[in-house]
Amino acid sequence: MAFDLLIQRARLAGGDGVPVDIGVAGGLIVALAPGLPASGEVIDADGRVVSPGLIETHIHLDKSRIVDRCAPASGRARDHMKRVAAVKPGFTVEDVYARARATLEGCLLHGTTHMRTHVEVDPNVGLVGFEALRELARDYRWGIDLELCVFAQEGLTDTPEADRNMVAALRDGATVVGGAPGYDPDRPGQIRRIFELAREFDVDVDIHLDVGPTAEELDVLLVCELADAMGWGGRVTVGHGTKYSCLPPDELARLGRRLADSGVAVTVLPATDLFITGRHLDHDVVRGVADANALRACGVRCSLSTNNVLNPFTPFGDCSLVRVANLYAHTVQRGNDDELAECFEMLTRQSAAILRREDYGIAVGHPADLVLWDARTSAEVVATNAIALAGFKRGRRTFTRERAVLHRP
Ligand SMILES: [Zn+2]
């Protein structure tokens with residue numbers, strides 16, 4: 001059997017721990033077995049973890065890397081959305097493209113091979129971001145599958161132009177419809193409109209939802225009702241859910257069963273949730289990071305994602321999903337091997353289920369979207385913030401990172 005690429009002695013993330021060889025030809029995984037005959041490019045993983053490419057299910061490429069042009073934060077004010085809105089009229093296609101490209105390349109270098117990016121179409125930016133990201137998706141197809149979720153950040157039911165822009169973007173190829181009802185004067189109205197658009201254009205739903213420092217007024221119950229009524233189970237995701245972190249375990253479990261029954265997934269966004277939640281308090285601050293492991297135990301599909309990079313919502317970011325999982329695990333106080341392995345699943349297989357990618361994962365016949373990690377188990381990847389040593393998209397190497405070398409005297 002001839003291969004273009006052979007990765008020897010790889011421990012598969014989530015596998016049984018016995019190293020195998022991965023044979024790749026024509027961009028696909030064609031063989032998985034120990035001791036395959038060497039041909040093509042040969043890489044010896046030496047027992048390190050090889051995983052499928054990471055999946056970012058929730059990121060904002062269009063408003064990444066703008067912190068230097070936004071007004072500085074004033075104390076513990078909660079004006080991040082307004083500080084971003086103030087600079088959006090200055091966005092151009094070239095500007096969005098350049099910033100989004102820098103962020104996207106950072107993600108590639110940390111092992112991401114699939115991504116759903118949100119893109120804003122409020123009247124102060126129009127379709128500028130959408131056009132730039134559509135172009136970026138085409139230009140970077142060699143390294144990543146990038147899908148666009150279109151939404152209004154600054155209100156929809158009171159902003160007819162935002163609605164028209166959403167419709168235009170959905171006509172023009174956006175494959176997911178999103179929203180931010182927390183910034184809408186009519187939260188249920190926005191949620192209903194999003195589902196209307198989902199039905200009209202036959203697209204999946206991914207909404208920013210239930211952001212707040214208490215467990216009151218959960219909008220996800222309406223989302224579950226609409227998903228049930230429309231038969232949209234498995235096609236609906238909510239992002240943040242900081243309010244779920246305020247529920248006692250029995251109530252969280254009840255909510256988890258409801259979400260699982262309705263096929264509504266949850267994406268936890270620890271970086272932004274930690275930076276934004278509880279700013280009305282000056283001590284004993286609510287952290288706002290929902291326990292996705294607890295939701296997983298109820299059968300809810302969950303992912304962990306980056307959300308914001310270097311903007312007023314989160315003025316940090318290195319585009320590493322593994323770092324996000326590590327940050328999440330610290331915050332929800334999950335450190336056992338099985339819990340950390342579950343965190344890694346929420347960057348990979350769980351995320352693939354949210355994106356409904358049936359061709360995902362290390363299996364014969366699937367695209368060879370692979371990452372080699374400097375660790376022996378997927379739990380260790382999360383525990384140690386292990387570096388991604390190499391990545392492959394459809395069998396072609398997309399990056400290499402050397403291990404650090406200590407120069408002894
Ligand atoms: Zn977001």
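Of the 409 residues of the protein, 54% are classed as buried, a residue being buried if 20 or more other C-beta atoms, placed from the backbone, lie within 10 Å of its own. The model is a predicted one, in which local features require pLDDT of at least 70 and side-chain atom pairs count only at pLDDT 80 or more, whereas totals for chains, interfaces and linings use all residues. Residues are numbered from 1 along each chain as its sequence is written.

Along the principal axes, the C-alpha atoms fill a box of roughly 65 × 55 × 45 Å. The protein has 13 helices and 16 strands, defined as DSSP runs (H or I, at least four residues, for helices; E, at least two, for strands) and numbered from the N terminus. Among contacts (C-beta atoms, placed from the backbone, within 7 Å) between residues at least 6 apart in sequence, 75% join residues at least 24 apart.

Domain 1 comprises 5-52 + 360-400 and domain 2 comprises 54-354, with bounds from an automatic or database domain assignment. Their centres, taken over C-alpha atoms, are separated by 29 Å. The contact between them takes 20 residues from domain 1 and 23 residues from domain 2. On the side of domain 1 that touches domain 2, at least two residues each are supplied by strand 5 (49-52), helix 13 (378-384), strand 15 (388-393) and strand 16 (396-400). Helix 13 contributes the largest share of this side, 5 residues.

Methods:
Buried ≥ 20, exposed ≤ 12 C-beta atoms within 10 Å, placed from the backbone. Contact = placed C-beta atoms within 7 Å.
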